Amino acid sequence: TKISGNSNAGLAYVFVSGTGGWSQEHILSGSLAIDSSDQFGNSVAMNADGDTIVIGASLDEKSGGAASSGLAYIFVSGTGGWTEQHILSGSLAIDSSDLFGTSVAINADGDRIVVGARSDEKTTGNTNTGLAYIFVSGTAGWTEQHILSGSFALQSSDFFGNHITMNAAGDRIVVGASFDEKNSGLYRDWE
């Protein structure tokens, strides 16, 4: 359903292919992405079966949270259509403009998600170094499993987590740091 009244809150459109070609199946919106410029939909990823979608909203925040700390929404498809299953936030993405949700990736089974927070940082003293968060789904729901940081992404504005991809098995992740090492750009993969 479309939320009206606030410009640039963001939406995500789901399309399906059928005998007559491509058609729009659903419009997704985040339950907290109701403010102007939340940027819900600035990053999207879907599992192999097409029944789980993760959507970043890097300028969104939880109620009472720091402005633009960022969120990622998980939607699942079932007999009743698409429903919002969970909202992810990073344990360190609590400051204003951490931009959690800048990038997202999901493995083929839909039980592992990586979310980039390009302006987040550990306690290094430098700002906007960037982090990437790994979440896993289990009996307790979605939990944060690990926080990735680049061994060279230690300077202000390295933007580690600006882009992310993950292989189908979910055991290899590549995280881009587009302004690392004198703006030359680096990547690091984890296995």
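Biologist: Which residue in β10 stands opposite Val136?

Modeller: Strands of a sheet pair through backbone hydrogen bonds, either parallel or antiparallel. In this predicted model, Val136 stands opposite Thr143 in β10, and the antiparallel pairing of β9 (residues 131–138) with β10 runs over seven bridges.

Biologist: What is the order of the strands in the open sheet, and which strands stand at the edges?

Modeller: The open sheet has four strands, paired antiparallel in the order β7-β8-β9-β10. Because β7 (100–106) and β10 (141–148) each have a single partner strand, one side of each is left without a neighbour in the sheet. On average, and with direction ignored, neighbouring strands of this sheet are turned by 25° against each other.

Biologist: How many aromatic pairs does the structure hold, and how is such a pair described?

Modeller: A pair of aromatic rings is described by the distance of the centres and the angle of the planes. The structure holds five aromatic pairs. One of them joins Phe40 and Phe75, whose ring centres are 6.1 Å apart with the planes at 80°, so the pair is edge-to-face. Since Phe40 lies in strand β3 and Phe75 in strand β5, the pair ties together parts that are 35 residues apart in sequence. Phe40 and Phe75 are buried.

Biologist: Where in the chain do Phe100 and Tyr133 lie?

Modeller: Phe100 is in strand β7 and Tyr133 in strand β9, 33 residues apart. Their ring centres are 5.3 Å apart and the planes stand at 70°, so this pair is edge-to-face. Phe100 counts as buried at 0% relative accessibility, and Tyr133 is buried with a relative accessible area of 0%.

Conventions. Residues numbered from 1 in each chain as written. Predicted model: local features only at pLDDT ≥ 70, side-chain atom pairs only at ≥ 80, totals over all residues. Heavy atoms only, no water. Pairing = 2+ DSSP bridges. Helix = DSSP H or I, 4+ residues; strand = E, 2+ residues; numbered from the N terminus. Axes fitted to C-alpha atoms, helices over the stretch in contact; angles between N-to-C directions. Phe/Tyr/Trp six-rings, centres within 6.5 Å; stacked < 30°, edge-to-face > 60°. Buried < 20%, exposed > 50% of the residue type's maximum accessible area, 1.4 Å probe, protein only.
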